Amino acid sequence: MSGHSTYVPKSNAGKWLEERLPIISLMHGAAVSMPNPRNLNYWWVFGGIAMFMLIVQIVTGIVLAMHYTPHADMAFSSVEHIMRDVNWGWLLRYTHANGASMFFVAVYIHILRGMYYGSYKAPREVLWLLGMLIYLLMMATGFMGYVLPWGQMSFWGATVITNFFEVVPFIGDDIRTLLWGGFAVDNPTLNRFFSLHYLLPFVILGVVILHIWALHVPGSNNPLGIEPKTKQDTMRFHPYFTMKDLYAIVLFAIVLFYFVFFNPNFMGHPDNYIRANSLVTPPHIVPEWYYLPFYAIVRAIPDKALGVAGMFGAILIMFVVPWLDTSKVRSAKFRPAYRIFFWVFLFNGLLLGYLGQVSTTDDFLGIHGVTNLLISRIGTIYYFGFFVVILPVLGLIEKTKPLPNSISEAVLGVEGAKAEAEEMAANESKA
Amino acid sequence: MADTSKVEEPGRRDFLYIATGAFGALGVGVGAWPLIDQMNPDASVKALASIEVDISSVGEGESITVNWRGKPVFVRHRTAAEIKLSVETPLEDLVDPEEDAARAEKPEWLVMVGVCTHLGCIPLGEAGKYNGWFCPCHNSTYDTAGRIRSGPAPKNLEIPKYTFISDTVIKIG
């Protein structure tokens with residue numbers, strides 16, 4: 001997308017099109033001749049996997065919409081109709097429902113990989129911002145999709161989330177009524193959520209295209225976090241990385257379809273197989289697992305408005321990470337202290353996820369006198385502390401390890417890199 | 001164009017430029033409003049705004065829940081003990097101070113929207129430390145007048161607009 005293309009049209013039709021719309025050379029530059037660092041490890045496959053999952057969600061979603069009825073009286077039965085009557089309906093719905101979860105799995109790994117290897121640092125800040133925007137849109141889309149089956153968790157999840165907006169000063173109440181289209185979550189709410197749930201994935205697709213564009217200007221980061229210097233440090237995208245990504249997609253699809261075929265309701269909640277009832281709240285409301293860390297944060301803060309602000313803040317703070325991290329060194333490979341704080345951050349996120357679905361007043365793991373609420377508060381403090389204290393301060397005081405001269409030297413050793421460079425030069429002069 | 005090196009007085013062209021821009025912005029606003037306002041409650045939703053409830057069958061110490069605007073409304077026939085407990089609670093103990101008299105037009109009848117002021121769950125009746133309502137979602141506890149006593153909810157349970165049409169019929173809304 002930024003002049004990597006080596007495509008030269010051979011046919012007359014190809015030349016004709018190239019003069020009018022150079023779309024083939026654009027695609028060629030993006031997915032064939034694009035140079036990628038030769039040392040990318042398997043943590044770099046999750047971008048491609050996420051892209052694959054987005055396509056799976058769009059395709060299954062479009063066909064599900066052909067059978068689903070977005071009306072409060074009929075939505076629940078239309079989902080059961082999909083499950084029982086529609087040809088392959090069970091497969092489509094289970095793939096879509098588990099696909100949403102697996103999409104989040106891929107994206108969480110993708111984000112954490114970026115954090116570990118410092119992929120958000122200059123010149124990749126816009127790439128990171130667009131990624132975060134995709135994540136935010138995914139959260140909104142996933143939430144609205146979960147409302148559509150119109151079960152008890154759908155209804156009460158929607159009620160809790162829309163009530164978050166009431167804390168907006170002065171106009172909170174009006175915003176909530178506007179979201180509901182009534183005085184509570186009801187048919188108008190379901191209708192508009194369906195409309196937006198259909199729209200947003202295409203908005204996500206648009207931002208994904210910008211994300212890939214912003215990736216191809218500076219090129220991929222890599223495990224060493226140093227820029228490729230010569231042709232020796234990179235390899236063509238196709239066939240090397242296309243094949244690697246495809247292999248990873250196949251492995252990932254095995255996990256997805258394990259859930260679809262053998263454990264399709266593992267990540268769902270049984271209460272969502274009870275039709276929505278506006279007069280009965282389920283005893284225990286939990287959101288989908290991918291929101292649990294943020295749900296733990298909202299519950300950890302005793303004040304309603306501050307709790308909601310904390311929850312949204314926890315997501316929005318991710319946008320400014322490129323400016324919070326003061327370290328000049330990208331990769332955690334060369335940042336021994338950051339590496340520890342990163343793994344604690346990851347563990348803390350999992351812990352908050354666990355805490356998001358247990359009762360706040362119960363003892364933490366049965367330890368007498370230590371409530372889940374207390375642990376949630378400690379986890380919340382670490383979550384924000386990581387961003388506003390550790391990232392800025394650590395970059396200034398950490399003693400980092402020396403960086404290698406080049407990617408090839410790190411991969412092949414000084415002698416090996418030299419020998420390969422000579423071989424490459426010899427081959428080029430022969431050609 | 002005239003000599004641009006001199007500072008020019010605003011002329012006819014500047015006026016036209018600003019007026020066009022202002023009209024354009026106004027036009028966008030006018031065009032956008034129906035697209036936003038269509039999301040607000042429509043006429044059919046508003047038409048269901050009031051209901052009449054027969055309370056003749058609700059004995060002392062009993063409650064009923066009725067559906068009003070898609071939300072549950074608790075109608076509780078309070079016992080003398082409950083009323084006494086509420087009246088005797090000092091106002092400084094309350095998060096959202098309100099007299100018991102301000103909560104119930106007739107002390108024995110408590111009419112409230114049964115939606116937790118925290119995040120909208122339905123509290124359970126005759127439960128919690130204060131013998132009032134307890135919200136299982138995030139542990140908000142309300143007393144026998146539906147006033148918030150502990151937990152994350154910021155306000156007392158909402159009292160809807162209601163009138164006694166007769167001794168046994170209430171009009172809510």
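Predicted model: local features only at pLDDT ≥ 70, side-chain atom pairs only at ≥ 80, totals over all residues.
Let us start with the largest pocket, which holds about 1200 Å³ of space. A pocket here is an open set of points on a 1 Å grid over the protein atoms alone, with protein on both sides within 12 Å along at least five of seven lines, and its lining residues have an atom within 4 Å of a point. The volume is the space filled by probe spheres set on the points, with grid points joined across faces, edges and corners. Its lining has 46 residues, and Gly47(A), Gly48(A), Met51(A), Ile212(A) and Leu215(A) are the closest to the centre of the pocket. The elements of chain A that give two or more residues to this lining are α2 (23-31), α3, α5, α6, α9 and α10 (237-262). Such helices are DSSP runs (H or I, at least four residues), numbered from the N terminus. By class, the lining of the largest pocket has 30 nonpolar, 12 polar and 4 charged residues. For these classes, Ala, Val, Leu, Ile, Met, Phe, Trp, Tyr, Cys and Pro count as nonpolar, Asp, Glu, Lys and Arg as charged, and the others, Gly among them, as polar.

Residues are numbered from 1 along each chain as its sequence is written, chains are lettered from A in the order in which they are written, and side-chain values use heavy atoms, with hydrogens and water left out.

A cavity is a set of points where a 1.4 Å probe fits but cannot get out, and the count comes to 2 cavities of 30 Å³ or more. About 860 Å³ lies in the largest cavity. Of the 41 residues that line the largest cavity, His96(A), Ala97(A), Gly145(A), Tyr146(A) and His197(A) lie nearest its centre. Two or more lining residues come from each of α3 (46-65), α4 (75-84), α5 (89-116), α6 (125-147) and α9 (187-216) of chain A, and α5(A) gives the most, with 9 residues. This lining divides into 26 nonpolar, 13 polar and 2 charged residues.

The second largest cavity holds about 40 Å³. Phe76(A), Val79(A), Glu80(A), Arg93(A), Pro149(A), Asn272(A) and Tyr273(A) line the second largest cavity, with α4(A) giving the most, 3 residues. By class, there are 4 nonpolar, 1 polar and 2 charged residues in this lining.

Next, look at where the two chains meet. The contact (heavy atoms within 4.5 Å) takes 27 residues from chain A and 25 residues from chain B. Together the chains bury about 2200 Å², 63% of it on carbon and sulfur atoms; buried area is the accessible area (1.4 Å probe) that two parts lose on being put together, summed over both. Met39(B), Leu119(B) and Ile122(B) supply 27% of the area that chain B buries against chain A, more than any other three residues.

Between the chains there is 1 salt bridge, a side-chain nitrogen of Lys or Arg within 4 Å of a carboxyl oxygen of Asp or Glu. Glu166(A) forms a salt bridge with Lys155(B), with the closest N and O atoms 3.6 Å apart. The side of chain B that touches chain A has 12 nonpolar, 9 polar and 4 charged residues.

Finally, a few backbone details are worth a look. Most residues other than glycine have a negative phi, and most peptide bonds are trans. The bond from Ala122(A) to Pro123(A) is cis, with omega near 5°, and Pro123(A) lies in the loop between α5 and α6 of chain A. Also cis is the bond from His238(A) to Pro239(A), with omega near 10°; Pro239(A) is in helix α10 of chain A. Trp150(A) has a positive phi, near 60°, and is found in the loop between α6 and α7 (152-164) of chain A.
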